[in-house]
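Have the viewer open as you read.

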Amino acid sequence: MAASVAKKRKYNDEYINYGFTSILADGIEKPQCVLCFKVLGNDSMRPGKLKHHLTTIHPQYAERDPDFFKRHERSLGKQRLDKSGAFQQQNFSVVEASYEVSIEIAKKKKAHTIGETYLSRVL
């Protein structure tokens, strides 16, 4: 008996009506919600499952027109995403503070462990 091969579904442009766009993850095309950024499995790339996600997770947006979802899709393209397609938030002030501490440590020409002492005085 031959091993069964899972059918790889293709993205259809109609899926934007349910709030989904396509993302390539691990070489497989998968649906991604433009509202919550959740990436579903390839087997979920069918209208029934996408509509179910929209009506159960985002019921307030279920009656929106496709232009609404297209706008969210464009903004999703401008977001930073990690390899899984999830939204990656990066707090600028934390990065800036870390940089400032690193500069102070470098100016004192001390070992990096002095950062702990420096932070305890600041906090």
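How many bridges join strand β1 to strand β2? Six of them do, linking residues 20-25 with residues 28-33, and the two strands run antiparallel. Bear in mind that this is a predicted model. Ala25 has Ile28 in β2 as its bridge partner. Two residues sit between the strands of this hairpin, and Asp26 takes a positive phi near 55° there.

Next, the cysteines. A search of the whole structure turns up zero disulfides. For Cys33, the nearest cysteine sulfur belongs to Cys36, 3.7 Å away.

Leaving out neighbours within four places in sequence, His58 is in contact with Cys33, Leu35, Cys36 and His53. With a relative accessibility of 7%, His58 counts as buried.

Now for the greasy part. The largest nonpolar core has 14 residues, and those touching the most other members are Tyr11, Tyr15, Phe20, Val34, Leu35, Leu50 and Phe69. Helices α1 and α2 each supply at least two residues of this core, with α2 giving the largest share, three residues. Phe69 is buried, at 0% relative accessible area. Residues up to four places away in sequence aside, Phe69 touches Ile16, Asn17, Gly19, Val34, Leu35, Leu54, Tyr61 and Arg64.

On to the rings: the whole structure holds three aromatic pairs.

| Pair | Centre to centre | Angle between planes |
|---|---|---|
| Tyr11 and Tyr15 | 5.6 Å | 80° |
| Phe68 and Phe69 | 5.3 Å | 75° |

Tyr11 and Tyr15 are both buried. Phe68 is buried as well, with a relative accessible area of 8%. Ring pairs also tie Tyr61, Phe68 and Phe69 into a cluster. Which ring does the charged end of Arg64 sit over? That of Phe68, with the charged end 4.3 Å from the ring centre.

How values were computed: Residues are numbered from 1 along each chain as its sequence is written. This is a predicted model: local features need pLDDT of at least 70, side-chain atom pairs count only at pLDDT 80 or more; totals for chains, interfaces and linings use all residues. Side-chain values use heavy atoms; hydrogens and water are left out. Two strands pair if DSSP finds at least two bridges between them. Helices (H or I, at least four residues) and strands (E, at least two) are DSSP runs, numbered from the N terminus. Buried means under 20% relative accessible area, exposed over 50%, partly exposed in between (1.4 Å probe, protein chains only). Contact means heavy atoms within 4.5 Å. A disulfide is a pair of cysteine sulfur atoms within 2.5 Å. A nonpolar core is a set of buried Ala, Val, Leu, Ile, Met, Phe, Trp, Tyr and Cys residues joined through side-chain atoms within 4.5 Å. Rings of Phe, Tyr and Trp (its six-membered ring) pair if their centres lie within 6.5 Å; planes under 30 degrees apart count as stacked, over 60 as edge-to-face and the rest as tilted. A charge sits over a ring if NZ of Lys or CZ of Arg is within 6 Å of the ring centre and within 35 degrees of the ring normal.
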